[in-house]
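Q: I have a model open and would like to learn how to read its features. Can we go through them one at a time?

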Amino acid sequence: MDEVVRSNQVVWERASEKHVREYDELLAEARGDGLLERREVELLAPVLATGPVVVHFQSGHGLDDVGLVKAGARLVVGVDYSSVAVRAAQRRAVELGVSCRYAVAEVPGVPVRDGCADLVYTGKGALIWMRDIAAWARDVARVLRPGGHLFVYEAHPAVPLWTWDEDEPRIRPDRSYFAESHVNDTFPGNGAREWQWNLGQIVTAITTAGLHLQVLEEYAEPFWRPQDGTTAAAWSGRLPNSFALLARRPAADH
């Protein structure tokens, strides 16, 4: 783990304390429905109907994992480099009696055997932490069994450019869609260095790793909004704020 990644880990450990402070609220949320976005459920329905084993890269607070089990997953293995997040997620899974297990580890370098997963699930603020998107994609391909799927539901790469002005969408003068990285100045990653992977780089990394792209959709609705009620004109339907991607490892590698 290099110095920048280590520094980001410290920031994420600190941010993950929120999962501990709000443990009861998150537990109550996990007992309910709607843990996955509607379009996630629709796109994943055929995969989840088979009772897949899922590996969740950068699992965070783990509520998505509970949603995946409720939607049909046989087992979800969550991997996150925050020990704080992993402990809170595992405690919730035990209290809820759901088949979720967690490991503390850096991504890429997920500590599971090759070809063990029917589905790799990730996103919602995950790819920005990846310093090497090609290495990440290779790790996805390694973990997937032949015929297995990758699913990403993530903030659109253009999101770091949008200001949060209420009257009109504007582009931040300190950001570029084609920059290598930028420093996060909002919760939860305040102070962390985020990598600016554009959509072309993400798709190229996935296909170069040998996966076949099946679905790529862009949405105006962000997957996350601040809890303080902030409303930004950039979220009003004119600009891309999230995307979904579904890819498949070929059933037989050629």
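Predicted model: local features only at pLDDT ≥ 70, side-chain atom pairs only at ≥ 80, totals over all residues.

A: Start with a helix pair. Two packed helices are described by the angle between their axes and the distance between the axes. Here the axes of helix 6 and helix 7 (residues 199-208) come within 8 Å of each other and cross at roughly 40°.

Q: Which residues make the contact?
A: Helix 6 supplies Ile133, Ala134, Trp136 and Ala137, while helix 7 supplies Gln201, Ala205 and Ile206. Of the residues in this contact, six are nonpolar, one is polar and none is charged.

Q: Next, backbone angles. What should I look for?
A: Most residues other than glycine have a negative phi, and most peptide bonds are trans. Look for departures from that. Gln58 has a positive phi, near 60°, and is not a glycine. Lys124 is not a glycine either, and its phi is positive at about 55°.

Q: Where do Gln58 and Lys124 sit?
A: Gln58 is in the loop between strand 1 (53-57) and helix 4. Lys124 is in the loop between strand 4 and helix 6 (133-143).

Q: Which residue has a positive phi just after helix 4?
A: That is Gly72, with a phi of about 135°.

Q: And where is a cis peptide bond?
A: Look between Val107 and Pro108, where omega is about 0°. Pro108 belongs to the loop between strand 3 (100-104) and strand 4 (117-123).

Q: Is Ser59 buried or exposed?
A: Buried, because its relative accessibility is 4%. Ser59 is also in the loop between strand 1 and helix 4.

Q: What is Ser59 in contact with, leaving aside its neighbours within four places in sequence?
A: With Asp65, Gly78, Val79, Asp80 and Tyr102. Asp65 is itself one of the buried residues of helix 4.

Q: How many residues of helix 4 are buried?
A: Seven of the eight, so count helix 4 (residues 63-70) as mostly covered. The buried ones are Leu63, Asp64, Asp65, Val66, Gly67, Leu68 and Val69.

Note on methods
Residues numbered from 1 in each chain as written. Heavy atoms only, no water. Buried < 20%, exposed > 50% of the residue type's maximum accessible area, 1.4 Å probe, protein only. Helix = DSSP H or I, 4+ residues; strand = E, 2+ residues; numbered from the N terminus. Axes fitted to C-alpha atoms, helices over the stretch in contact; angles between N-to-C directions. Contact = heavy atoms within 4.5 Å. Nonpolar A, V, L, I, M, F, W, Y, C, P; charged D, E, K, R; others polar.
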